[in-house]
Amino acid sequence: MNLSLLILFPLVTAIILLFCNGLKQVRMVALAGAGLQLILAIFLLVAFLQDRSMGNQLTMLFEYDFVWFKNLPIHYHIGVDGISIAMILLTSCIVFAGILISWTMEKLSKEFFFLLVLLSMGAYGFFISLDLFTLFFFLEIAVIPKFLLIGVWGSGKKEYSAMKLALMLMAGSALVFVGLLGVYYQTGSFDMMKIAQMNIPLDTQYFFFPFVFLGFGIFAALFPFHTWVPDGHASAPTAASMFLAGISMKLGGYGCLRVATFLMPAAAHYYSPIIIVLATIAIIYGAFATMMQTDLKYINAYSSVSHCGFVILGIGMLTQTSIKGAVLQMVSHGLMTALFFAAIGMIYTRTHTRMVAQLGGLLKVMPFISTVFVIAGLCSLGLPGFSGFVAEMTVFMGSWQNPGGLYRLATILSCASIVVTAVYILRATGKTIMGPLDGAYSKLGDALWNEKLAAGLLITGIVLIGVAPFLINQLIGPGTAAMMEQIGKTINLK
Amino acid sequence: MSDYAYIVLIPLLPLASFVLLGLFGRKYFTKSAGIIGTMALLASTIIALMAAHQYFFVDGKVAGAYHQVIAFKYTWLAFSPGVSIDMGIVIDPISVMMLVVVSFVSLMVHMFSLGYMKGEERFATYYAYLGLFTFSMLGLVLSVNIFQVYLFWELVGVSSFLLIGYYYEKPTAVAASKKAFIVTRFADLGFLIGILILGFYSGTLDISTLIHKLTSVQSPEYIAITTAGFLGASALTWALVLVFIGGAGKSAMFPLHIWLPDAMEGPTPVSALIHAATMVVAGVYLVARLFPVFSMDDTALHVVTYVGAFSALLAAVIACTQTDIKRVLAFSTMSQIGYMMFALGVSKQVGEQGLGYMASMFHLFTHAFFKSLLFLCAGAVIHLVHSNEIKDMGGLRKLMPVTHIAFLVACLAIAGVPPFAGFFSKEEILLAAFNENKLIYAVALFTAALTAFYMFRLYFSIFWSKESAHHDTHHEGTVSMKIPLIILAACTIGVGFIPFAKLVTADGAALETHIDILFSLAPVGLTLIAILIAARLYKQQNGGPQKIADSLGGFYRVVSRKFYMDELYLFITKKIIFPLIGKPIAWIDRNIVDGCMNALASITVKISGGIKGMQSGKVQGYALYFFGGVTLLAILFIYVWK
Amino acid sequence: MSSLSEIPLAHILFVSTALFFIGMYGLFTRKNLVTLLMAIELMLNSVNINFIAFNKYLYPGKLDGVFFSLFIITIAAAEAAVAIAIIINLYRSHQSIDVDDATEMKY
């Protein structure tokens, strides 16, 4: 299994897209490309599980190392473990669904799909990189298209939002880069697997950890650097929102885990009270802020802030279960929030409004879309049978294993957020889906085949994780265990 | 040890019905959905009865006591070594009893709905939801793992939400469904934290292991959980009280009961199934399931007792003043669950002192039949008069003879008149209370009289009182509606004679009980007096009730407004949480946090504005800077840095 | 050959400096783009003179300076072609070749 295919496929798709004409050609090519990615991702999963079941216990599988730039030891070093595979699967699902949702994107369709595919390439590259520089390279590739996607195809105050998002994310990557250079000059290597074995001196860790963690934290909507999230999502076109919340925010979470915590565990331990406090604030504060929103996209954007808080919380708690929960939450939140944005987009294209107060009773005219909306909502409030429950409960169980007073308080407060989540989800559902139908909407139609397929794919993922969590547990459990073992060597954690 | 694996079919059949009807119902099964759902449930019920027979009468008993069998267990989600969510099936007296109750009542409701919900636009969806609920409830009662309980607990919550909001175009129904979900969700928070505490200290989530570890006084887990404490109570007390809060939320105990009356916005058969017979007793079941642990901690048991008794009394008082027939029944449900709760609270684990436990389960069992019967009768009545208000009814006994008789039977049962089912179970509860706590006994006795009064107030108002305004333009309902009424009425008469004490007890061993006529004198006498008062006041229309209400004045108004509990909750949410927490946070986010980001941006813009004047856009200006720079550098290189 | 060597280097440098500053003066004061282009050509040529002169006086046996000036002449020709193309385009869009009229890229 050659991992470089994951980068090659989108690249080829993007190049072919440049030579296409007209919406019909463009979307077929984009969909075919996304379909191939999906198949490749599933194939990768199968190959990975096969290798593992044959007893291959290496931390990283399918490794490939190529010296990219000799003078600095920059390698094109790639490889995957269970965690990256989960993220790759997530990405391919969302790319596929996102392209289906933008099926009728008339405006500059070639450029639009080109950017979407480019973004996915950045994400794949990021998730498979084992070299810090290569990782950073792909991170940047994943940032730039978002600026254009929002600025050109967005709605509302799109220039402001695009600028805000791009600047904040750029600031994040700048911080990350400073941290990476710090690590490099201390260790003389960009290779993550080597650095992890090396034990970076404590003062270096204490100094550079905040840079890396904060930098990736901005991507993952860490309080108080989350303000790009609501504006960015609200202005973005549907597919871009899905990508943004489903993939981009996960780049942050993955970076916090794989780079910051994995390479500098002692510092992660040292700073964990601060991380926990920020995460808990994000969870509670995001939930309460969501409660007061009136625009569906703002509701979902703020709820993403709250949900991504669980990812940070899980990482900050530094127990194996909590980290597993954080990874689960990344996957779960990615699927769920993409589904939610897809449902909001479908409602918006029909009613031309996203204001909760102007909607009502949509179940009557669009049963499918309403069902999708309700499923996304129920997943968001952590209903069993959907992925949200599995992820949140794992985070809670893991957090509770950390017995400090502060940690306990943080866990209880985070648990309390599930009540607030129920409040805002049910308010939104009650006002848009249920209630009397506005006469103006009585002629609207239900979802089309492409929308049904997209929603179906995402729902399948959500339900599969929700009903059979032991499957995904097999995938990411060993990955987190190996990671914790590495972390545990450095610091003595219970 | 025989094989019980087939029991897995009991929950899976309704699940299959849910999946089938949920995915394809709207398209292919618009008419046949009811039949499909009912058939699935019929099969479930038969299997449940078979299982009950096998367990209770064939091979459940080992050495004189019923023991627990784990029929099936699969690790669903592993957290860390020893701690995992398992899906499984536990077979013991209470789970088998609940299996029978849930599947049987659900079958009755499925059947009744065939007529009641006929012609509804979302008929298939309705049956799909019923299937989902039945599946979740059965999964709950079969749980082997405390997290499995929580998981199905949430699922029954959501199916209740979906069914209450079934008439989704009605704003009151939407509000009620939200309220039900959020209030119980709030309670579930307590349950969840309770689980976390129990799981942390005992190192397992498996119920039987947990009970094993926490009931032996020498085990390290027990010592750890009782020595750790917070705010003066041990971790065990905290955990149990928190778990009880979860149960209280589902079971509508004070002060988390406010969702139950509003939940009557759902279709009436749903109220019969969810909000009378099955889901609302989940809290009682939860306490019973963890009873060995509860019995280790007196504080927790006291909380259960007093909350139960107070809820029973409060609900009975409120029920006397309500005018909506379903709300009266809702409060009576709350009151009866209060009985079950305090009966558990006054019980002990072993032997004769375990009477309360047995009585509670017995009452749960009988209550399921007569209360669902009451609701289904109410449904039949509402189906006829198209109103929930008592004032729109009256004199219906001639129009609906079957419903009339069934309702009367159920009223006699709930009032505790011998030989109807309620008499036996209530008698045991009173006896248990009398043995343990005289105050509770007094409350229970008074509540029993009140119960008889308000139930017969309802009965006389509906079926006697004035002459019917409705002439026989309507029929009493279809055959499929009458059959469940008849079956349930028969059960209501019959189930009291089941030797329950021999089958379901706290420690599995049979308990000797007998009806003591002297002891029964007080409750039965009071009940009969209450029925006579009700007959006097409501059998014919007269000004009596109004006069009494007027003479009570303010008190009556307070009671009829349910002690302003709803208003209090609304005040807390609308006046405190939304404006004082939500609004400021949203404001802070937009103005302060985001303001900082924007300020950073605008400072950058200001600085660049200050220096952008140098970029005049005039090429010659740039050339001048360039030459100036070169000259400067030349001077520097030639004269300064030689 | 001999006549050139009789002229002292300073004289030639004086001419080239004068030429350079005349070009510079033109560059700063004129607004017409064609005039600016001519001014730039003056400056380039002053540099050429310097190259030739220094080559002659400092390294008489070599030809490096000559090559450079040839190189500069070529570039100047190319540059003039590009510049005039730009000027013509500017005139088409702005109806003017005044350097101050093209302000779109300001700030």
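This is a predicted model: local features need pLDDT of at least 70, side-chain atom pairs count only at pLDDT 80 or more; totals for chains, interfaces and linings use all residues.
**Confidence and chain contacts**

The predictor assigns the complex an ipTM of 0.89 and a pTM of 0.85. For chain C the mean pLDDT is 88, with 93% of its residues at 70 or more.

Two pairs of chains touch, and the pair formed by chains A and B has the most contacts. Chain A contributes 37 residues to this contact and chain B contributes 35 residues. On the side of chain A that touches chain B, at least two residues each come from α11 (265–291), α13 (320–351), α16 (387–400), α17 (405–432) and α19 (469–490) of chain A. The largest share belongs to α17(A), with nine residues. In composition, this side of chain A has 27 nonpolar and ten polar residues, and no charged residues.

Chain B also meets chain C, where nine residues of chain C are in contact with nine residues of chain B. The side of chain C that touches chain B consists of six nonpolar residues, one polar residue and two charged residues. Chain A and chain C share no contact; their closest C-alpha atoms are 18 Å apart.

**Chain B**

Chain B contains 26 helices and six strands, and its C-alpha trace spans about 125 × 65 × 55 Å along the principal axes. Of the 642 residues in chain B, 55% are buried. When contacts in chain B between residues at least 6 apart in sequence are considered, 79% join residues at least 24 apart.

Helix α18 (residues 421–436) of chain B has 16 residues, which should span 22 Å at 1.5 Å a residue; the end C-alpha atoms are 24 Å apart, in agreement with that expectation. Because 13 of the 16 residues of α18(B) are buried, this helix is largely enclosed by the rest of the structure.

Strands β3 (residues 69–80) and β4 (residues 83–91) of chain B pair in the antiparallel sense over nine bridges. Within this pairing, B:Ala78 stands opposite B:Ser84 in β4(B). The hairpin of β3(B) and β4(B) has two residues between the strands, and B:Gly82 adopts a positive phi near 90° in this hairpin.

**Local backbone features**

Chains A and B each provide a cis peptide bond, as listed below.

| Cis peptide bond | Omega | Place of the proline |

A:Phe62 has a phi near 55° and lies in strand β1 (residues 61–69) of chain A. A:Phe62 counts as partly exposed because it has 19 C-beta neighbours inside 10 Å. A:His352, with a phi near 60°, is placed in the loop between α13 and α14 (362–365) of chain A. A:His352 has 8 other C-beta atoms within 10 Å and is therefore exposed.

In chain C, C:Ala102 belongs to the segment after α4 (64–94). C:Ala102 has 18 C-beta neighbours inside 10 Å, so this residue counts as partly exposed. Apart from its neighbours within four places in sequence, C:Ala102 is in contact with C:Leu90 and C:His94. C:Tyr91 and C:Ala102 are eleven residues apart in sequence, and their C-alpha atoms are 10.0 Å apart in space.

Methods: Residues are numbered from 1 along each chain as its sequence is written. Chains are lettered from A and ligands numbered from 1 in the order in which they are written. Two residues are in contact if their C-beta atoms, placed from the backbone, lie within 7 Å. Helices (H or I, at least four residues) and strands (E, at least two) are DSSP runs, numbered from the N terminus. Ala, Val, Leu, Ile, Met, Phe, Trp, Tyr, Cys and Pro count as nonpolar, Asp, Glu, Lys and Arg as charged, and the others, Gly among them, as polar. Two strands pair if DSSP finds at least two bridges between them. pLDDT is the predictor's confidence in each residue, from 0 to 100. A residue is buried if 20 or more other C-beta atoms lie within 10 Å of its own, exposed if 12 or fewer, and partly exposed in between; C-beta atoms are placed from the backbone. The expected span of a helix is 1.5 Å times one less than its number of residues.
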